[in-house]
Amino acid sequence: MQPTHTKLSELPASAICGNDISSSCLYVSALSILYAGQYAWISLLLVGGTLFLFRKIYGEVVGALPLNGGAYNVLLNSANKSMASLAACLTILSYVATSVISANEAVHYAALFSDAVPIIAGTIGLLLLFFLLNLLGLKESSKAAVIIFIFHLVTLVVLCLVCGWYVFKNGLDNFSVNFSTPSEHSISFQLFAGFAAAMLGISGFESSANYVEEQADGVFPKTLRNMWIIVTIFNPLIALLALSIMPMSEVAGHQESLLAFMGERAGGQWLSWLVSVDAMLVLSGAVLTSFVGVSGLMKRMTLDRIFPQFLLKENKRQAPYFILLLFFLLCVAILLSTAGELTTLAGVYTISFLAVMGLFGIGNLLLKLRRKRLPRPERATTGTVFLALIAVGVALWGNVVLNPSYLWVFFEYFIPTFLIALMMMDRSLILKGLLSVILYLFKPLKRSIERFTHWTNQTIKSINDQEFVFFSKGDDIASLNQVMIYIQDNEETNRLRIVTVENDRFKAPVHLHRDIETLDRAYPEIDITYEKIEGTFNPELIKELSNKWGIPTNFMFIGSPSQKFQYRIEDLGGVRLII
């Protein structure tokens with residue numbers, strides 16, 4: 001999004017991600033009760049505690065690197081491109097699964113009001129609606145998100161108050177019976193299984209990090225706080241109310257519409273209908289969140305040459321229409337391929353989401369290790385990060401143990417997705433190999449394939465001719481060698497420009513020129529040039545050089561700045577950290 005545009009304030013920014021995470025209230029209490037029984041509310045409180053840990057983790061990472069991309073962004077700036085792409089593919093899969101499942105469930109709720117609603121056609125229609133809404137731009141999309149978000153919170157409050165009044169009038173007999181009901185499993189296993197299942201209740205927490213550049217200053221940590229409050233209050237409270245209103249044996253029969261059933265029992269048909277309408281709307285809001293999150297992530301990946309550059313094209317409202325269209329078509333294809341039986345996508349949804357959370361924790365540790373000097377507004381202690389990673393590991397293990405088939409379904413979707421990303425990162429090498437094979441197999445027809453040969457060579461040349469820039473502060477040869485190793489391992493290029501910005505306060509050391517000449521001899525496949533520039537290293541200079549040289553700012557690298565650096569990373573227009 002262009003910097004001249006109004007950025008999102010707390011309410012719309014919270015609404016976009018909040019619709020996704022708060023939609024879990026519709027199903028996570030029932031899911032947790034099925035596994036944890038009378039201790040479901042404790043499992044849900046443990047999930048709230050885990051989310052509290054991740055508030056700090058996300059706050060530190062995104063505060064230090066406030067750029068779109070979430071886990072992809074932090075791993076790109078603290079690890080390597082392959083690991084970052086792994087996180088990105090998991091995130092995209094999570095968004096696809098979220099979008100299709102949410103749209104399908106929303107249409108199922110709509111079908112409660114009329115049997116004439118076609119499920120598959122209705123799901124496609126809903127996906128199309130939010131595709132078109134996103135074409136209007138993020139500002140217009142956020143207005144719809146706010147309306148849905150407020151209506152959902154009001155509905156949850158009304159439901160809890162009515163159910164609370166029902167319990168007050170009728171006493172705690174149901175809760176007492178449920179609490180004393182024996183289980184075939186131990187309390188520890190119930191809590192473990194309930195926790196693993198209930199971790200789905202925080203899916204969507206990662207979404208805010210994927211459109212952080214569209215949020216006003218200081219808004220991102222508030223979105224994390226607001227999501228945490230919603231999950232920690234409503235999910236355990238709804239589980240407690242459910243256990244106080246009905247026998248546990250009835251929960252399984254109303255798993256998909258537990259809240260509507262609670263509303264009917266406590267307040268009558270009107271409350272059941274209100275909850276059903278709310279479910280339809282907030283699940284639609286989760287679809288909107290998926291479109292917003294995936295567009296921010298894929299735009300960032302395209303800027304880094306992982307996806308084709310035509311995806312960056314935008315309409316007058318700065319909406320990346322090719323990215324939105326690709327995501328819409330992918331969702332429709334998966335919907336049709338599963339024939340609406342979306343339980344198979346649950347495995348992709350669960351494992352992808354939990355893996356992304358885990359990678360974010362790993363990214364935080366790498367940031368602490370490799371970017372110690374990078375300024376950040378808050379810090380999560382190492383103990384906090386390890387505890388959060390253990391919690392995610394337990395949840396992942398639990399979901400695999402409880403649903404072993406999820407793992408195989410996940411790999412069926414993930415492996416092709418990740419292979420495509422890896423192929424895009426090494427496409428010049430793949431093109432060379434393809435050309436060699438074709439020339440060998442069709443040697444007699446060499447003249448007929450000259451056009452293909454010419455096109456392939458030109459494509460490889462255009463990929464490798466993309467110049468990269470490293471701004472050096474007089475780094476020693478060991479640090480510069482790290483830069484070369486990173487570029488060799490992560491970027492397809494044969495041109496690097498090392499630049500030193502000099503002024504009255506800083507002059508490049510004499511040895512730097514000799515060090516760069518040594519590097520140029522050590523890496524003959526990369527043409528290294530050295531340039532001194534008079535001026536001050538600031539966002540204006542970066543933008544000026546980017547326009548002058550025709551090099552995008554995300555192809556410019558710097559070392560990790562210290563606390564004394566007067567600019568924030570997001571002010572530098574996407575410049576990347578590599579040492």
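Helices (H or I, at least four residues) and strands (E, at least two) are DSSP runs, numbered from the N terminus. The model is a predicted one, in which local features need pLDDT of at least 70 and side-chain atom pairs count only at pLDDT 80 or more, while totals for chains, interfaces and linings use all residues. Residues are numbered from 1 along each chain as its sequence is written, and side-chain values use heavy atoms, with hydrogens and water left out.

The crossing of H5 past H6 is right-handed, the near helix being turned clockwise from the far one by less than a right angle (anticlockwise for left-handed). On the H5 side, Ser-99, Val-100, Ala-103, Asn-104, Ala-106, Val-107, His-108 and Ala-111 meet Ile-119, Gly-122, Thr-123, Leu-126 and Leu-127 of H6, contact meaning heavy atoms within 4.5 Å. These residues divide into 8 nonpolar, 5 polar and no charged; Ala, Val, Leu, Ile, Met, Phe, Trp, Tyr, Cys and Pro count as nonpolar, Asp, Glu, Lys and Arg as charged, and the others, Gly among them, as polar.

H5 also packs on H12 (269-303), at an angle of about 160° and with the axes 8 Å apart. The two helices are therefore roughly antiparallel to each other. H5 passes H12 in a left-handed crossing, and the residues of this contact comprise 17 nonpolar, 9 polar and 1 charged.

A further pair is formed by H10 (residues 220-245) and H11 (residues 258-267), whose axes come within 11 Å and cross at roughly 50°. That makes H10 oblique to H11, and their crossing is left-handed. Ile-238, Leu-241, Ala-242 and Ile-245 of H10 make the contact with Leu-258, Leu-259, Met-262, Arg-265 and Ala-266 of H11, a set of 8 nonpolar, no polar and 1 charged residues. Of the 10 residues of H11, 7 are buried, so this helix is largely enclosed by the rest of the structure; buried means under 20% relative accessible area (exposed is over 50%, partly exposed in between; 1.4 Å probe, protein chains only). Just after H11, Gly-268 takes a positive phi of about 110°.

Leaving aside residues up to four places away in sequence, Phe-471 touches Val-499, Val-501, Phe-537, Leu-545, Met-556, Phe-557 and Ile-558.

Two loops complete the picture. Ile-526, in the loop between helix H20 (511-522) and strand S3 (527-534), counts as buried at 3% relative accessibility. Its contacts beyond four places in sequence include Met-484, Ile-487 and Leu-496. In the loop between H12 and H13 (321-337), Gln-318 has a phi near 60°, a positive value in a residue other than glycine.

Technical notes: Axes fitted to C-alpha atoms, helices over the stretch in contact; angles between N-to-C directions. Parallel < 35°, antiparallel > 145°, perpendicular 65-115°, else oblique.
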